[in-house]
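Subject: Structure handover

Hi,

Here is the structure for you to look over. My notes come after it.

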Amino acid sequence: MPIYEYVCDECGKEFEEIVFGDPESVPCPKCSSTKTHKLMSRCRTGRSGGELGPMTSSAPSSGGGGCAGCSGGSCSTCG
């Protein structure tokens, strides 16, 4: 079940919605407007054990020396 992020063009509310297929419009939960559009989702990595809470900064758990997302030091988020 894909979860997409949307923004309402009428009230500016950002929200997530589980979407089946490719619906033409997804109503805003705040103002019920159907003038909404998909947002580019922000990539989230580094979660473990199915955790659904916010990501936190921590040392990498593996010995690869990179960030928690790739553990290799070669992705664009490693600094």
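Below is what I found, starting with confidence and ending with single residues.

**Confidence**

Keep in mind that this is a predicted model. Mean pLDDT for the protein chain is 73. Of its residues, 49% reach 70 or more. One stretch needs care: residues 59-63 stay under 50 in pLDDT. For that stretch the model has three contacts beyond four places in sequence. Where pLDDT is low, the predicted coordinates should not be read in detail.

**Overall picture**

The protein chain has 79 residues, and 15% of them count as buried. Take the contacts with a separation of 6 or more: 26% of them are between residues 24 or more positions apart.

Secondary structure is quickly told. The chain contains three strands and zero helices. Along the sequence the pattern reads β-β-β.

The three strands make an open sheet, in the order 2-1-3, with antiparallel pairing. Strand 2 (14-18) and strand 3 (36-38) are the edges. Each has a single partner strand, so one side of each is left without a neighbour in the sheet. On average, neighbouring strands are turned by 40 degrees against each other, ignoring direction.

Now the two pairings.

- Strand 1 with strand 2: five bridges, antiparallel. Tyrosine 4 has glutamate 17 as its bridge partner in strand 2. Isoleucine 3 has isoleucine 18 as its bridge partner there.
- Strand 1 (residues 3-8) with strand 3: three bridges, again antiparallel. Here valine 7 has histidine 37 as its bridge partner in strand 3.

Strands 1 and 2 also form a hairpin, with five residues between them. Glycine 12 sits in the turn, and its phi is positive, at about 85 degrees.

**Threonine 36**

This residue belongs to strand 3. Is threonine 36 buried or exposed? Its relative accessibility is 15%, so threonine 36 counts as buried; the cut-off for buried is under 20%. A polar atom of the threonine 36 side chain lies 2.6 Å from the backbone oxygen of valine 26. Leave aside neighbours within four places in sequence, and threonine 36 is in contact with Tyr6, Val7, Cys8, Asp9, Phe15, Val26 and Cys28.

**Glutamate 17**

Glutamate 17 is part of strand 2. Its relative accessibility is 32%, so glutamate 17 counts as partly exposed. Not counting residues up to four places away in sequence, glutamate 17 touches Pro2, Ile3, Tyr4, Tyr6 and Val26. Val26 is also one of the residues in contact with threonine 36. Glutamate 17 and tyrosine 6 are eleven residues apart in sequence, with a C-alpha to C-alpha distance of 7.5 Å.

Two residues here are worth a look.

Phenylalanine 20 lies in this loop. Its relative accessible area is 62%, so phenylalanine 20 is exposed; the cut-off is over 50%. Phenylalanine 20 and proline 2 are 18 residues apart in sequence. Their C-alpha atoms are 7.3 Å apart in space.

Serine 32 is found in the loop too. With a relative accessible area of 53%, serine 32 is also exposed.

**To recap**

The fold elements are three strands and zero helices. They form an open antiparallel sheet in the order 2-1-3. Threonine 36 counts as buried, glutamate 17 as partly exposed, and phenylalanine 20 as exposed. For residues 59-63, remember that pLDDT stays under 50.

Best wishes

Methods: Residues numbered from 1 in each chain as written. Predicted model: local features only at pLDDT ≥ 70, side-chain atom pairs only at ≥ 80, totals over all residues. Heavy atoms only, no water. Helix = DSSP H or I, 4+ residues; strand = E, 2+ residues; numbered from the N terminus. Buried < 20%, exposed > 50% of the residue type's maximum accessible area, 1.4 Å probe, protein only. Contact = heavy atoms within 4.5 Å. Pairing = 2+ DSSP bridges. Axes fitted to C-alpha atoms, helices over the stretch in contact; angles between N-to-C directions. pLDDT = per-residue confidence, 0-100. Polar contact = N/O pair within 3.5 Å; in protein donor to acceptor, adjacent residues only side chain to side chain.
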